[in-house]
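Subject: Structure handover

Hello,

Here is the structure for you to look over. My notes follow below it.

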Amino acid sequence: MVDAARARKLADRIQQIVAEMLERRIKDPRLGFVTVTDTRITNDLRDATVYYTVYGSDGERAETAAALESAKGVIRSEVGRKTGVRHTPSITFVMDSLMENAAHIDDLLAQARARDAEVARAAQGASHAGDANPYREPGEEADDEDDEPGGEDARSDGLGAAGARGGGDGRTRPPSS
């Protein structure tokens with residue numbers, strides 16, 4: 001196997017060669033506005049996959065795919081000549097769905113913005129369910145305390161009412177009847 005850095009360099013070089021060939025040497029009228037987006041090569045340097053996008057309709061994309069398939073041999077021989085590798089990799093052209101994925105993500109983001117705006121509109125007249133300040137301030141008397149008369153200070157053992165019922169281990173147990 002070849003190290004990953006060499007494979008990446010070769011893939012980048014193949015991408016440059018293919019883009020240059022499509023721009024200057026391939027004169028097929030079916031070839032639309034093509035952009036080579038990425039090239040990946042296997043670790044054994046035998047197969048290269050060239051990803052491309054085409055600006056246009058579905059018909060133009062199909063015609064461009066046919067033009068690339070017919071020019072594959074010429075492109076492969078040029079890649080072999082310019083790279084100088086012992087075995088020229090076979091080339092496969094794959095339509096990159098980058099544009100469709102980007103459009104789909106844009107649609108999802110627009111839906112999320114619309115939902116956020118809807119939630120913001122619903123929250124404009126709303127108020128909090130509890131007090132404005134849910135925390136007790138120092139010096140406030142708590143109305144809901146369940147202390148027995150005399151409190152903890154009145155007991156000599158310091159356990160309080162729950163500790164006395166629970167047997168002194170500090171855990172609260174239900175009172176026995």
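This is a predicted model: local features need pLDDT of at least 70, side-chain atom pairs count only at pLDDT 80 or more; totals for chains, interfaces and linings use all residues.

T88 counts as buried, because its relative accessibility is 18% and the cut-off for buried is under 20%. Leaving out residues up to four places away in sequence, T88 touches R76 and G80.

Now the overall layout. The protein has five helices and three strands. Along the sequence they follow the pattern α-β-β-α-α-β-α-α. There are 177 residues, and 23% of them count as buried. Take the contacts with a separation of 6 or more: residues 24 or more positions apart account for 57% of them.

Next, the sheet. The three strands form an open sheet in the order β1-β2-β3, with mixed pairing. β1 and β3 are at the edges, and each has a single partner strand, so one side of each lacks a neighbour in the sheet. From one strand to the next, the twist averages 30°. In general, strands of a sheet pair through backbone hydrogen bonds, either parallel or antiparallel. β1 and β2 run antiparallel and are joined by eight bridges. β2 and β3 run parallel, with six bridges between them.

- I41 is opposite A48 in β2.
- R40 is opposite T49 in β2.
- Y52 has M95 in β3 as its bridge partner.

The turn between β1 and β2 deserves a look. Those two strands form a hairpin, and five residues lie between them. Which residue in the turn has a positive phi? L45 does, at about 60°. Most residues other than glycine have a negative phi. L45 is not a glycine, yet its phi is positive. L45 belongs to the loop that runs between β1 (33-41) and β2 (47-55). Is L45 buried or exposed? L45 is buried, because its relative accessible area is 10% and the cut-off for buried is under 20%.

V36 counts as buried, because its relative accessible area of 14% falls under the 20% cut-off. Setting aside neighbours within four places in sequence, V36 is in contact with Q15, V18, A19, L22, V50, Y51 and Y52. Of these, Y51 is 15 residues from V36 in sequence. In space, the C-alpha atoms of V36 and Y51 are 6.0 Å apart. Y52, also on that contact list, is the residue with M95 as its bridge partner in β3.

On to the helices. Helix α2 (residues 58-70) lies across β1, β2 and β3. Helix α2 runs at about 150° to β2.

The other packing to check is α1 against α3. Two packed helices are described by the angle between their axes and the distance between the axes. Helix α1 covers residues 4-24, and its axis comes within 10 Å of the axis of α3. The two axes cross at roughly 130°, and α1 and α3 are therefore oblique to each other. The crossing is right-handed.

Which residues of α1 meet α3? They are L10, R13, I14, I17, V18, E20, M21 and L22. On the α3 side, the residues are V74, I75, E78, V79, K82 and T83. The residues of this contact divide into nine nonpolar, one polar and four charged. Note V18 and L22 in α1, which take part in the contact with α3. V18 and L22 are also among the residues that V36 contacts.

For a quick tour, I would open the views in this order:
1. The hairpin of β1 and β2, with L45 in the turn.
2. Helix α2 lying across β1, β2 and β3.
3. The right-handed crossing of α1 and α3.

Best wishes

Definitions and conventions. Residues are numbered from 1 along each chain as its sequence is written. Side-chain values use heavy atoms; hydrogens and water are left out. Buried means under 20% relative accessible area, exposed over 50%, partly exposed in between (1.4 Å probe, protein chains only). Contact means heavy atoms within 4.5 Å. Helices (H or I, at least four residues) and strands (E, at least two) are DSSP runs, numbered from the N terminus. Two strands pair if DSSP finds at least two bridges between them. Axes are lines fitted to C-alpha atoms, for helices over the stretch in contact, and angles run from 0 to 180 degrees between N-to-C directions. Angles under 35 degrees count as roughly parallel, over 145 as roughly antiparallel, 65 to 115 as roughly perpendicular and the rest as oblique. A crossing is left-handed if the near helix is turned anticlockwise from the far one by less than a right angle, and right-handed if clockwise. Ala, Val, Leu, Ile, Met, Phe, Trp, Tyr, Cys and Pro count as nonpolar, Asp, Glu, Lys and Arg as charged, and the others, Gly among them, as polar.
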